[in-house]
Amino acid sequence: MEARKSLRFLVLSFFVTLFLVVTWVNLPSSPDQDSLDCTLSSAWCSSKNRIQSSTKPINNLIKNPQQSSTTTTQHNHDSDVPHHPLDPLTVQEYNRIKAILAKHPLFESASTYTLNTVALEEPDKDLVLKWKKGDPLLARKASITAMVNRKSHVVTVDLDTEEVSFHEVSSVISGYPTMAMEEMVGVLDVPLKNIEFNRTISQRGVNMADLACLPISSGWYDMPVEENRRLIKVQCYSKKDTVNFYMKPIEGLTVLVDMDRKEVVSISDNGRDIPIAKGINTDYRYSVQKLNGDFRLFNPISLEQPKGPSFTVEDGHLVKWANWVFHLKADARAGIIISQVKVRDPDTSEVRSVMYKGFTSELFVPYMDPTDAWYFKTYMDAGEYGFGMQAMPLDPLNDCPRNAYYMDGVFAAADGTPYLQPNMICIFESYAGDIAWRHSECPITDLTVTEVRPKVNLVVRMAAAVANYDYIIDWEFQTDGLIRAKVGLSGILMVKGTTYDHMNQVPSQEYLYGTLLSENIIGVIHDHYITYYLDMDIDGSDNSFMKVNIKKQETLPGASPRKSYLKAVRNVAKTEKDAQIKLKLYDPSEFHMINPSKKTRVGNPVGYKVVPGGTAASLLDPEDPPQKRAAFTNNQIWVTPYNKSEQWAGGLFVYQSQGDDTLQVWSNRDRPIENKDIVLWYTLGFHHIPCQEDYPIMPTVSSSFDLKPVNFFERNPILSLPPNFKDELPVCKAYDSS
């Protein structure tokens with residue numbers, strides 16, 4: 001009887017219904033249904049709590065850049081084949097991996113197993129660099145992390161030989177693999193089978209049909225209960241009268257669940273006296289907002305391209321635009337991976353190497369509330385949840401402009417079944433009326449010159465809905481050789497329930513850990529850190545890191561009317577510790593990645609520099625457990641020697657890690673980095689003190705950093721860039737306002 005009531009609740013509950021029913025109803029069981037569409041299999045493909053449903057057929061939809069935004073073409077990924085050594089695994093390859101593992105003794109005899117991540121094991125870098133189109137494709141292998149009988153495994157499957165090899169998981173390395181979506185889904189009904197939990201929900205006056213619960217990574221705090229257990233916490237909200245249930249937390253109620261045993265470990269309930277906020281006027285949907293009148297501040301805007309886009313995508317993953325060419329793919333953990341980035345030199349027509357590989361390595365989002373229901377909210381979204389697995393289909397005309405090209409992700413579910421993440425990435429040309437360069441000669445020179453060039457960029461975009469937060473990840477390529485990595489933060493705040501309706505009720509000695517945003521709602525202070533992996537190959541792999549200090553230099557007495565000037569002092573880093581950089585406003589520097597063996601015509605080493613942005617730094621105690629796990633945020637810049645195994649700043653296994661396999665640990669080895677194949681790491685940081693304008697939804701806040709050429713070209717590479725001419729642009733009828 002109790003189980004039947006729980007089942008009825010699952011059917012009524014928004015989250016559990018869509019997670020469980022949609023997952024199992026659409027589970028592919030027939031031989032001809034080899035892959036899933038995310039719009040149907042949302043429990044595998046969506047964020048840890050953002051759900052969508054659809055009646056579209058099980059086929060991926062890809063935007064044809066020549067068609068209007070409302071027209072799509074069907075693309076069947078079942079026939080995809082790799083063309084490049086870095087192309088992601090295909091549907092056929094995923095199915096083959098699944099079949100190979102099913103026959104292996106370890107998996108065949110296992111009582112339970114989960115494939116947490118399945119991705120291409122990229123060939124060795126030197127082999128990829130030597131490979132040219134037309135050469136035989138390099139060996140295709142899959143790299144897998146798996147939980148088998150509650151133990152972590154790292155597995156390689158050779159798709160050519162069907163050989164399965166296991167890599168030792170060192171006993172000194174803590175943590176577990178990235179959670180599979182099914183594992184998160186599987187814990188949601190565990191509290192519902194607990195009498196104490198159900199009694200508490202009833203006492204709070206919450207209707208079971210209005211309950212929405214979320215699985216929340218528990219972090220690591222060196223507690224006895226954590227030993228040899230994969231733990232996750234479940235917290236719940238009321239979705240009564242609004243889809244914005246985040247604004248209606250059931251405060252103080254936290255269920256600790258053993259993820260493997262599917263059992264409640266403990267229940268903490270310290271918020272019985274805190275009312276659930278009413279959630280009035282928190283529904284953010286446009287259809288609801290229109291009921292209050294259409295509030296249009298501006299007329300529709302669209303970028304028109306009468307001759308179509310200027311970029312091409314060859315073989316599904318090779319992007320060519322203007323003077324740029326690069327390989328692009330979706331990744332379940334990183335989201336977007338940009339590889340083999342090259343730029344054509346306008347003077348020599350040589351295609352020159354800039355970056356071998358770049359991606360978002362890890363995110364760290366600690367909330368600044370040490371109380372029982374909040375202290376553990378210190379998310380590491382790439383390593384714990386999979387940043388790419390949280391990516392949602394982009395909305396044409398709103399997420400991306402007209403004429404955008406859309407690219408899908410193909411990932412593996414926990415049993416190895418491939419599924420599609422449709423329209424996960426978009427590529428488009430951006431023109432916002434900015435100026436690439438200009439000059440007008442002043443009248444006193446007796447020269448009539450006005451030269452202006454429009455600034456048109458190529459943008460690669462992904463939007464990940466990680467619970468309440470939406471991250472907009474852009475890679476922007478400019479015609480002057482600059483690469484901009486940009487992050488936009490949007491979505492909905494994670495808020496805390498309170499008894500207070502007004503600030504005049506708050507005792508002067510009490511600290512709220514945030515801002516009172518509305519009646520019974522506190523926006524908790526938190527940080528965001530996004531760490532990028534940037535394997536720069538400036539005209540080749542052997543590079544050096546040079547710190548260019550800007551110093552005040554005093555003039556000699558009587559030497560000049562000036563007393564001081566600024567001087568650039570260049571120092572090449574010898575070892576990793578020389579390149580551990582904390583940015584300082586009053587100790588300014590530039591940070592160059594150079595190729596010391598290649599120089600310009602006048603003798604300068606060619607290079608690129610990282611131009612910092614989003615420079616918030618972590619202020620947490622280095623020995624605070626969350627900061628030990630996220631020690632990669634201790635500096636804004638790091639440089640390490642290239643090591644194929646060192647790509648994830650928080651370590652290979654991040655879930656419940658103890659900080660023993662991080663970028664900090666690697667860098668402290670202090671290995672030589674001068675004139676070697678080296679990797680640059682950069683961390684964008686945001687401090688967020690919520691304000692009422694962030695309620696009930698947040699305007700997007702963005703920051704970025706640049707990779708800018710410095711003595712890479714002999715001269716300005718956009719001198720020959722053409723201006724806009726009137727006869728090349730579409731003729732649009734002017735709007736008659738009379």
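Reader: Are Cys400 and Cys426 buried or exposed?

Author: This is a predicted model. Buried means under 20% relative accessible area. Cys400 is buried here, and Cys426 is buried too.

Reader: What joins Cys400 to Cys426?

Author: A disulfide does, with an S to S distance of 2.1 Å.

Reader: Is that disulfide right-handed or left-handed?

Author: Read the torsion about the S-S bond. For Cys400 and Cys426 that torsion is about -90 degrees, so the disulfide is left-handed. Cys400 sits in the loop between α10 (381–384) and β18 (405–412), and Cys426 in strand β19 (residues 418–430), so the pair ties together parts 26 residues apart in sequence.

Reader: How many disulfides does the structure hold?

Author: Two. Cys213 and Cys236 form a disulfide as well, their sulfur atoms lying 2.1 Å apart. Strand β8 (residues 211–217) holds Cys213 and strand β9 (residues 231–238) holds Cys236, so this pair ties together parts that are 23 residues apart in sequence.

Reader: What is the handedness of the disulfide of Cys213 and Cys236?

Author: The torsion about their S-S bond is about 100 degrees, so the disulfide is right-handed. Both Cys213 and Cys236 are buried.

Reader: How do I read Cys691?

Author: By its accessible area. Cys691 has a relative accessible area of 31% and is partly exposed.

Reader: Now a helix. Which residues of α8 are buried?

Author: Start with the general idea. An α-helix has 3.6 residues a turn, so residues three or four places apart point the same way. Now the case. In helix α8 (residues 195–203), the buried residues are Phe197, Asn198, Thr200 and Ile201. They span an arc of only 160 degrees around the axis, which puts them on the same side of α8.

Reader: Which exposed residues lie on the face of α8 turned away from its buried side?

Author: Ile195, Ser202 and Gln203.

Reader: What caps the N-terminal end of α8?

Author: Asn194 does. One of its side-chain oxygens lies 3.0 Å from the backbone nitrogen of Glu196. Past the helix, check phi. Gly205 follows α8, and its phi is positive, near 80 degrees.

Reader: Where does Ile173 lie?

Author: In the loop between β7 (164–167) and α7 (181–187). Ile173 has 25% relative accessibility and counts as partly exposed.

Reader: Which residues does Ile173 touch, not counting those up to four places away in sequence?

Author: Asp660 and Asp661. Compare sequence with space. Ile173 and Asp661 are 488 residues apart along the chain, yet 6.4 Å separates their C-alpha atoms.

Technical notes: Residues are numbered from 1 along each chain as its sequence is written. This is a predicted model: local features need pLDDT of at least 70, side-chain atom pairs count only at pLDDT 80 or more; totals for chains, interfaces and linings use all residues. Side-chain values use heavy atoms; hydrogens and water are left out. A disulfide is a pair of cysteine sulfur atoms within 2.5 Å. Helices (H or I, at least four residues) and strands (E, at least two) are DSSP runs, numbered from the N terminus. Buried means under 20% relative accessible area, exposed over 50%, partly exposed in between (1.4 Å probe, protein chains only). The arc is that of the directions from the helix axis to the C-beta atoms. A polar contact is a pair of N or O atoms within 3.5 Å; within protein, one must be able to donate a hydrogen and the other to accept it, and residues adjacent in sequence count only if both atoms are side-chain atoms. Contact means heavy atoms within 4.5 Å.
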